[in-house]
Amino acid sequence: TSTSQLQGIAPVLDHLKHLEKFETPESILVYLIRFYGLADRVQDAVDLFFRIPRFRCTPTVCSLNLVLSLLCRKRDCLEMVPEILLKSQHMNIRVEESTFRVLIRALCRIKRVGYAVKMLNCMIEDGCGLDEKICSLIISALCEQKDLTSVEALVVWRDMRKLGFCPGVMDYTNMIRFLVKEGRGMDALDILNQQKQDGIKLDVVSYTMVLSGIVAEGEYVMLDELFDEMLVIGLIPDAYTYNVYINGLCKQNNVAEALQIVASMEELGCKPNVVTYNTLLGALSVAGDFVKARELMKEMGWKGVGLNLHTYRIVLDGLVGIGEIGEACLLLEEMLEKCLFPRSSTFDDIILHLCAKRTCFTEAMELTKKVVAKSFLPGAS
């Protein structure tokens, strides 16, 4: 095998099988099975596995696991696994804990987590101990599935805990992230509380994810409680955490407190970023406070926080929404100088307002020419 003289392998095996009398060590055949697998000759590896007894060798779970792992690497070879398992029984090979691990890893890799959980149950029923690494692998695969509901995920989580699984930090983080992504912020909070009860170290990342989840669900009472709790246990919020909290305050139309939080951020050495300011600008635009919005945009400039496209669009949409078209046109001119463009629908609304006033028709034409010159294509409206 080391010199790639593969044509010489078959005669040697034939000699071993028919002429020699000694018991062939399984390690030799295992080596060759592995070689076939790495050489992409899976069928040869399977055939050799089935022929092991002919070499006066008693096959063990070692060769079984190797063949299974080779088959599980390729999706088109997976259909051969049941046959291998059935024939291994006739070869008197007892499936062990290591075999279950091979199969569960394969099921997780191909996103068949439901079957992986069933295999885990079979493993325990067979008298095997609970494998923490396998449980973590199942949780990780579970949280990556796109067609799994949060309810199903929670059932698996609870069943595994009943079996004695003690999740680690990463398991809790994965589960919280999955639930928040699925819009189940309060369920994510339950998982965070379990983490506290289990004495597993908490971090800012988990708190931030749960905070964003409960903001999305509108559970604003819990927002304040959880943020305060994080401070009490000594965790220092980062910019992401503050942005989530500020977003929650803005959604409650509590812009004044949100502005105070920004001041607190700076006092604690945590600089607000463009996301922070965009959140505040969005709330001020909804409230119609464009004087404060303009002040905030100036503040961004002298604090070195660059205004991005989203910043301009937030304020521009707000101005158009309340009919401040003159102010909107000035802001649009500023955007065009930076080659930033409005939403097509917003530009349509500006032109519509200008055309509604006969005196502003020329201005509408000039504005259209300017945006076209910047390669912005207005909509049909």
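Which helix is Thr173 found in? I looked, and Thr173 sits in helix H10, residues 169-181 (helices are DSSP runs of H or I with at least four residues, strands are E runs of at least two, numbered from the N terminus).

Ground rules for my notes: this is a predicted model, where local features need pLDDT of at least 70 and side-chain atom pairs count only at pLDDT 80 or more, while totals for chains, interfaces and linings use all residues. Residues are numbered from 1 along each chain as its sequence is written, and side-chain values use heavy atoms, with hydrogens and water left out.

Back to Thr173. I find it buried, at 8% relative accessible area (buried is under 20%, exposed over 50%, partly exposed in between, with a 1.4 Å probe and protein chains only). Leaving aside neighbours within four places in sequence, Thr173 is in contact with Ser206 and Met209 (contact is heavy atoms within 4.5 Å).

From H19 the contact uses Cys329, Leu332, Glu333 and Leu336, and from H21 it uses Glu363, Leu367, Lys370 and Val371.

Zooming out, I get 21 helices and 0 strands for the protein chain. Its C-alpha trace spans about 105 × 55 × 35 Å along the principal axes. Of the 381 residues, 44% count as buried.
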